[in-house]
2 protein chains.
Amino acid sequence: MTTPPGTALEVGARVHFTALPGIPLVQAGDALGPLIEDALTRAELQLEPGDVLVVTSKLFSRSEGRFVDMSTVVPSEEARALALDVDKDPAQVELILRESVGVSRKRPGVLVVRHRLGFISANAAIDMSNASPAHAAPGTGPWALLLPEDPDKSARDLLAALGVPGVGLVVSDSFGRPFRVGTVGVAVGVAGVPAVFDQRGRLDLHGRELQYTITALADQLAAAADLVAGQSDEARPVIHIRGLRFVPAESHVRELLRDPEVDLYA
Amino acid sequence: MTTPPGTALEVGARVHFTALPGIPLVQAGDALGPLIEDALTRAELQLEPGDVLVVTSKLFSRSEGRFVDMSTVVPSEEARALALDVDKDPAQVELILRESVGVSRKRPGVLVVRHRLGFISANAAIDMSNASPAHAAPGTGPWALLLPEDPDKSARDLLAALGVPGVGLVVSDSFGRPFRVGTVGVAVGVAGVPAVFDQRGRLDLHGRELQYTITALADQLAAAADLVAGQSDEARPVIHIRGLRFVPAESHVRELLRDPEVDLYA
């Protein structure tokens, strides 16, 4: 499938999501570009301008070697006190604090922080569950996996490696959120596609300015991809999206982050 | 298109979204079933078990006649004081208070409440911008449009009218959220498809229990649909989704709402 079916509809009216098959467990140093190109081929897809890829942050984290051997993490005084407070492992709390710039909320079993990249998330979005590197020496670990150092740069670099102009890329993660149960996909990095879709100034059907005028485009891409990724039995960390229309953009995930000074919930 | 292409991939690995064309501006009393059936036909789709429809709440609200003539709304003492506080129209604040059970946050220009249905949202999710009914008498209005009385029931009734078993339906709206800029699609009603996807007990690739185990399925459906709906020049209030797999379920949108007692941000 190289062109979308249903061309009687305008571009954008029919959008196709493909969870790319056969992506192996990535190890530190693995180049993601060739792995994704192989997976596209397996899905009978060729990357085209206007396509978007949503790639889970874990793939970048593993490729970039963002593993931490928890047995080497020495908790500070502050981390030990906080660990007691929230009933968590002191080394885990130490690592969470190192990755964050402040605590947002805490409760036994729950530690929500502002990550150094600006995201509010539980446990600084550190993956404690599924993270061991390929050749962990005996007696090491357990292992944790941090977010990429600079997810926007990870996204830009992968786009450059893929070499097709006009493609968008979102680095995604799954976050909980206030008020509502369950996780949703969110963007932690973006390149090539706008982070937000700003419709301010556009008029509604009655000629009045639209009431809600900024859409979190990259977050909605991440949520849609998470929906599709969650459908498979095997891990499907890369989702290919075809049929959207967007104006290619230099973008930054920080465009999605509300200024803490005006955030009523921070 | 009646069967998804790309059948070399397992079910769920390729998912197709179609923004249904030609849905007219719905008026009070209009039955949505025939309008959606016509739009499916225009898109060369026939509803099948396993399909999901995401329908914006405004379509139900208009069909159910949830219009309010703002010139008839008399603000209470409480509404007038709050309106002064948040620099909003007193009649609008009165209507917001009538639709809600409490104020979550306020600031000049911003009034975030808990809707009587349990959602935390700005302005009780009332549409003040685009809402006039078909034959508004001269001298009436402006008009506001409330959420449906019982969006889960609206969803169930529409599914029954469409008459195809095994179809899911999500009633969607666009909400802002803490921490992050821009709106995302969220579910305000659901039928036929699970509201949440609970994977507790499932194991990860290393045989450990998955760390994040409840996915907000209906919210991700709404976010994905909002992404696709936002692509068109004309309003596309109904999105058809094919290729997902889910176990049909009696579901309720309240499954997506965190108990205020344990919500760290409510």
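Which exposed residues does the face of α1(A) turned away from its buried side carry?

Modeller: That face carries P34(A) and T41(A), both exposed. Bear in mind that the model is predicted: local features need pLDDT of at least 70, side-chain atom pairs count only at pLDDT 80 or more, and totals for chains, interfaces and linings use all residues. Residues are numbered from 1 along each chain as its sequence is written, while chains are lettered from A and ligands numbered from 1 in the order in which they are written.

Now the other side of the helix. α1 of chain A runs over residues 32–42, and L32(A), I36(A), A39(A) and L40(A) in it are buried. Seen down the axis of α1(A), these buried residues fall within an arc of 105 degrees, so they line one face of the helix. The arc is taken from the directions that lead from the helix axis to the C-beta atoms. Helices are DSSP runs of H or I of at least four residues, strands are runs of E of at least two, and both are numbered from the N terminus.

What covers that face? The cover for the buried residues of α1(A) includes β2 (52–56), α2, α5 (151–162) and β12 (238–242) of chain A. Contact here means that the C-beta atoms of two residues, placed from the backbone, lie within 7 Å. After α1(A) comes E44(A), with a positive phi near 60 degrees. Most residues other than glycine have a negative phi.

Follow one of those neighbours, α5(A). In α5(A), the buried residues are P151(A), D152(A), S154(A), A155(A), L158(A), L159(A) and L162(A). They cover an arc of only 160 degrees around the axis, which puts them on the same side of α5(A). They pack against α1, α2, β8 and β9 (184–191) of chain A. The length of α5(A) fits too: at 1.5 Å a residue its 12 residues should span 16 Å, and its end C-alpha atoms are 16 Å apart. The expected span is 1.5 Å times one less than the number of residues. G163(A) follows α5(A), and its phi is positive, near 75 degrees.

Chain A is divided into domain 1 (16–66 + 147–257) and domain 2 (67–145), with bounds from an automatic or database domain assignment. Their C-alpha centres lie 25 Å apart. In chain A, 14 residues of domain 1 are in contact with 12 residues of domain 2. On the domain 1 side, α2 (57–63) and β8 (168–175) of chain A are the elements that give two or more residues. α2(A) gives the most, with 3 residues. That side divides into 5 nonpolar, 4 polar and 5 charged residues. Nonpolar means Ala, Val, Leu, Ile, Met, Phe, Trp, Tyr, Cys and Pro; charged means Asp, Glu, Lys and Arg; the others, Gly among them, are polar.

Last, the whole chain. Chain A has 6 helices and 12 strands. Of its 266 residues, 48% count as buried.

Key
Buried ≥ 20, exposed ≤ 12 C-beta atoms within 10 Å, placed from the backbone.
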